[in-house]
Amino acid sequence: MSIKQFNGSYLVHEDRILFRFNTQNQEEYRFWFTRRTTLFLLAVASHLIAKKLEISHSLEAAKALDEFEKKAILEESANQSSAPQIYESGSQFPIGAEPLLVMDISCSLTQNGERIDGAQSNHGDKVDDAISVDFLLPGGANLNLKLASYTLQAMCVLLDQLRGQAGWGDPILQIK
């Protein structure tokens with residue numbers, strides 16, 4: 001599945017984010033994100049992207065690269081805002097046309113296609129470019145996305161803007 005566009009809006013009366021994305025194959029996926037799932041995704045995505053950068057760069061360089069990528073996404077978004085890009089609704093809805101509530105989210109780095117935690121990266125192997133993101137859905141269903149760091153950051157920039165509109169506060173990651 002190759003993601004083409006992200007779209008989201010904060011619905012005040014629901015106190016939720018309606019998050020959608022479409023693919024190159026005209027598929028569309030629709031979800032409800034709560035405050036808890038949104039803040040968690042923002043915190044863990046930021047942490048994993050930083051960890052991924054720290055594997056091949058010094059801590060200072062990793063922070064600088066992370067900030068540079070975020071600024072580049074924001075600038076690209078601002079440039080597109082002057083000529084708004086219309087979201088293209090999909091014609092196929094693999095999980096249904098109604099948005100599904102994301103009950104929980106799980107994220108991890110991957111190595112050779114397998115999920116790992118940061119401590120498991122070994123044997124000199126590099127971690128994959130993709131970060132695994134699982135949306136846990138009602139009834140035990142699960143949708144797994146393997147997102148490149150840049151794509152995940154673009155998604156998080158949108159979610160962070162919506163979080164700001166909602167007044168949900170800043171994401172905080174507590175590592176156990």
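In helix α1, the residues Thr 37, Thr 38, Leu 39, Leu 41, Leu 42, Ala 43, Val 44, Ala 45, Leu 48, Ile 49, Lys 52 and Leu 53 are buried, where buried means under 20% relative accessible area, exposed over 50% and partly exposed in between, with a 1.4 Å probe and protein chains only. An α-helix has 3.6 residues a turn, so residues three or four places apart point the same way. Helix α1 covers residues 35–56, and its 22 residues reach 33 Å from the first C-alpha to the last, close to the 32 Å expected at 1.5 Å a residue, the expected span being 1.5 Å times one less than the number of residues. Helices (H or I, at least four residues) and strands (E, at least two) are DSSP runs, numbered from the N terminus.

The model is predicted, so local features need pLDDT of at least 70 and side-chain atom pairs count only at pLDDT 80 or more, whereas totals for chains, interfaces and linings use all residues. Residues are numbered from 1 along each chain as its sequence is written, and side-chain values use heavy atoms, with hydrogens and water left out.

An open sheet of four strands has the order β6-β5-β7-β8 with antiparallel pairing, two strands being paired if DSSP finds at least two bridges between them. Its edge strands, β6 (114–116) and β8, each pair on one side only. Within this sheet, six bridges join the antiparallel strands β5 and β7, and Ser 108 stands opposite Ser 132 in β7. Helix α1 packs on the sheet, touching β5 and β7 (contact means heavy atoms within 4.5 Å), and its direction makes about 10° with that of β5. Helix α3 also packs on the sheet, but touches β7 and β8, and its direction makes about 110° with that of β8; axes are lines fitted to C-alpha atoms, for helices over the stretch in contact, and angles run from 0 to 180 degrees between N-to-C directions.

Turning to the aromatic rings, those of Phe, Tyr and Trp (its six-membered ring) pair if their centres lie within 6.5 Å, with planes under 30 degrees apart counted as stacked, over 60 as edge-to-face and the rest as tilted. By this rule the count comes to nine aromatic pairs. The rings of Tyr 10 and Trp 168 have centres 5.6 Å apart and planes at 90°, so this pair is edge-to-face. Because Tyr 10 lies in strand β1 (residues 3–11) and Trp 168 in the segment after α3, the pair ties together parts 158 residues apart in sequence.
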